[in-house]
Amino acid sequence: MSDLKTRFLEVYSVLKSELLNDPAFEFTDDSRQWVERMLDYNVPGGKLNRGLSVIDSYKLLKEGKELSDDEIFLSSALGWCIEWLQAYFLVLDDIMDSSHTRRGQPCWFRLPKVGMIAVNDGILLRNHIPRILKKHFRQKPYYVDLLDLFNEVEFQTACGQMIDLITTLVGEKDLSKYSLPIHRRIVQYKTAYYSFYLPVACALLMSGEDLEKHTNVKDILIEMGTYFQVQDDYLDCFGAPEVIGKIGTDIEDFKCSWLVVKALELSNEEQKKFLHENYGKDDPASVAKVKELYNTLKLQDVFAEYESKSYDKLIKFIEAHPSQAVQAVLKSFLGKIYKRQK
């Protein structure tokens, strides 16, 4: 494990300990154990990319200057706030989707004795963020901007989740609702703001920058987040399960995936009818038929073309940015995701 990741995980232990001894609430042994178990189960289990990228971005903005222990701690704390936000979304998301597993283990609400208590746990996770920010950033000149940023991104993500849920209503499987603009809106709000924009915005605020002056950075990162999700949709169908770590179910789940949207766009009337008949059915024969149609429509080639065009477009936008340090941050993000296999 890299030194940075080790230090990042050490900060998690500090933050957790502070939250478990928060003077605003009188913990009992039972409640303290519950929260600790809930945090350990839901917060640090993922790849931690979002959190670590706050430190990476901050480092690049400092143009190679060695970070002080305080700077490492503070950028890590902001990174963990994003991981807390992600945990809050996922705990509630899994309940809404009736999911069974998350990150290779049962969803939190599926555990015996947890069940719907998970709803309140999600609310707790959300409330831990301002506690962390207050304790460590209250005296900083950018404190209010940080609170604003987290509130706004949470609102945008919740709205993205809403349009996803109302577009993919299970009772009414209507493929005609699916289009590229709808797919783009869902992805932009549900994923791109908190996964791509938020980590860089945190690093910019810590560097003393005014976010109002960096709307072009936001636009580039939202574009990048959209490209990332299209890759995800592609890998769900065409990725190797042993590489991506899960078996894709977008077809069975009637997801508004980039692949089905593209397929609808490229299909003739007969193929469209075929898609309407087979998409969103939870039986292997229907799934195989949809995949066969994807192959007939050469969606793998369509994706390869989309990927290279997106990359060229993003590089062009990034290189037009006046600051070399900001360019480095954006290129580092793009480098991590371009042509990824998982």
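Analyst: Y227 is buried, with a relative accessible area of 1%; buried means under 20% relative accessible area, exposed over 50% and partly exposed in between, with a 1.4 Å probe and protein chains only. The model is predicted, so local features need pLDDT of at least 70 and side-chain atom pairs count only at pLDDT 80 or more, while totals for chains, interfaces and linings use all residues. Residues are numbered from 1 along each chain as its sequence is written, and side-chain values use heavy atoms, with hydrogens and water left out.

Y227 belongs to one aromatic cluster together with Y234, F238, W258, F303 and Y306. Rings of Phe, Tyr and Trp (its six-membered ring) pair if their centres lie within 6.5 Å; planes under 30 degrees apart count as stacked, over 60 as edge-to-face and the rest as tilted. The count by this rule is 22 aromatic pairs. In one of them, the ring centres of Y227 and Y306 are 6.3 Å apart and the planes stand at 40°, so this pair is tilted. Y227 lies in helix α8 (residues 215-238) and Y306 in helix α13 (residues 299-319), so the pair ties together parts that are 79 residues apart in sequence. Helices here are DSSP runs (H or I, at least four residues), numbered from the N terminus.

Y234 and F303 form a stacked aromatic pair, at 4.0 Å centre to centre and 10° between the planes. This pair also links distant parts of the chain, with Y234 in helix α8 and F303 in helix α13, 69 residues apart. Both partners are shielded by the rule given above: Y234 is buried at a relative accessible area of 12%, and F303 is buried at 6%.

T191 is buried, with a relative accessible area of 12%. Leaving aside residues up to four places away in sequence, T191 touches I186, F196 and Q229, where contact means heavy atoms within 4.5 Å. Helix α7 (180-206) is also among the elements against which the buried residues of α3 pack, the others being α1 (3-20), α4 (69-96) and α14 (324-337). The buried residues of α3 (residues 49-61) include L52, V54, I55 and Y58.

Methods:
Helices (H or I, at least four residues) and strands (E, at least two) are DSSP runs, numbered from the N terminus. The expected span of a helix is 1.5 Å times one less than its number of residues.
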